[in-house]
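Please look over the sequence and the model below.

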Amino acid sequence: IPYTIIGGIRFYERKEIKDIFAFLRLIANPHDRVSLLRVLNVPARGLGEKIENLLLEEWDKNPELPFTALIKQLLTNKQTYSLSKGHERGLLEFMEVFEAITPQTNICKLYEVIIERIDYLSYLAAEYEREEYRTKSENLRELYHSMAFFEKKYADQGSMAQETQLQSFLAEVALLQEK
């Protein structure tokens, strides 16, 4: 089975790559607590430990609910949970990232939507020195190219795959990381 490794296995261990993958994993699996906690405050939305703990507590009470339903529950009952205006705004911003996208959306489109909606490149530019920002943005460009390559390969296979393109891509990357 032909495949391409970009920058070695360590490529997928970089912060910017892990962040994008956490968003993608949340789209594929809205019950992924680890991914939610990784990106809930990326970029910073004022959602700290209090909100994380609150979400986890509510998730323990309702494990069948996806993260979007839990956040909607918090927002609907904001007085009960003592949410500040900042917390409310941060949760709404986070929810906007996932509007009108599904696991069936092609992976390049998902990448573009995530990068645009969270304004990730501006976030990186503000957080890192010029040279490190350049490296991180190049890594993101390489990630996009690998996604486009996978998307083409997936399309060439036709509709025989049982999984969505996103699930297949995440599974393939997981296999690369295990080597």
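## Nonpolar core

In this predicted model, the largest nonpolar core contains 53 residues. Within that core, the residues with the most contacts are I20, L91, F94, Y120 and L143. Helix 1 supplies the largest share of the core, with 8 residues.

## Helix 7 against helix 8

Helix 7 spans residues 120–127, and helix 8 spans residues 130–156. Their axes lie 9 Å apart, and the packing angle is about 155°. An angle over 145 degrees counts as roughly antiparallel, so helix 7 and helix 8 are roughly antiparallel to each other. Their crossing is right-handed.

Helix 7 makes this contact through Y120, L121, L124 and A125. Helix 8 answers with Y133, K136, S137 and L140. By class, the residues of the contact are 6 nonpolar, 1 polar and 1 charged.

## Helix 3 against helix 4

Helix 3 covers residues 49–61, and helix 4 covers residues 67–76. The two axes come within 10 Å and cross at roughly 110°. Angles from 65 to 115 degrees count as roughly perpendicular, so helix 3 is roughly perpendicular to helix 4. Helix 3 passes helix 4 in a right-handed crossing.

On the helix 3 side, the contact residues are L54, L55, E58 and W59. On the helix 4 side, they are F67, L70, I71, Q73 and L74. This contact comprises 7 nonpolar, 1 polar and 1 charged residues.

D19 sits in helix 1. Its relative accessible area is 1%. The cut-off for buried is under 20%, so D19 counts as buried. Leaving out residues up to four places away in sequence, D19 touches R38, V39, V42 and Y120. D19 and N139 are 120 residues apart along the chain. Their C-alpha atoms are separated by 12 Å.

E88 belongs to helix 5. With a relative accessible area of 16%, E88 is also buried. Leaving out residues up to four places away in sequence, E88 touches L75 and K78.

## Backbone features in the loops

Which two residues does a cis peptide bond join? They are V42 and P43, and omega is about -10°. P43 lies in the loop between helix 2, residues 33–39, and helix 3.

Two residues other than glycine have positive phi values. Phi of S82 is near 55°. S82 is located in the loop between helix 4 and helix 5, the latter spanning 85–96. Phi of A100 is near 60°. A100 is located in the loop between helix 5 and helix 6, the latter spanning 107–117.

Is A100 buried or exposed? Its relative accessibility is 79%. Exposed means over 50%, so A100 counts as exposed.

Conventions. Residues numbered from 1 in each chain as written. Predicted model: local features only at pLDDT ≥ 70, side-chain atom pairs only at ≥ 80, totals over all residues. Heavy atoms only, no water. Axes fitted to C-alpha atoms, helices over the stretch in contact; angles between N-to-C directions. Helix = DSSP H or I, 4+ residues; strand = E, 2+ residues; numbered from the N terminus. Parallel < 35°, antiparallel > 145°, perpendicular 65-115°, else oblique. Left-handed = near helix turned anticlockwise from the far one by under 90°. Contact = heavy atoms within 4.5 Å. Nonpolar A, V, L, I, M, F, W, Y, C, P; charged D, E, K, R; others polar. Buried < 20%, exposed > 50% of the residue type's maximum accessible area, 1.4 Å probe, protein only. Core = buried A, V, L, I, M, F, W, Y, C linked by side-chain atoms within 4.5 Å.
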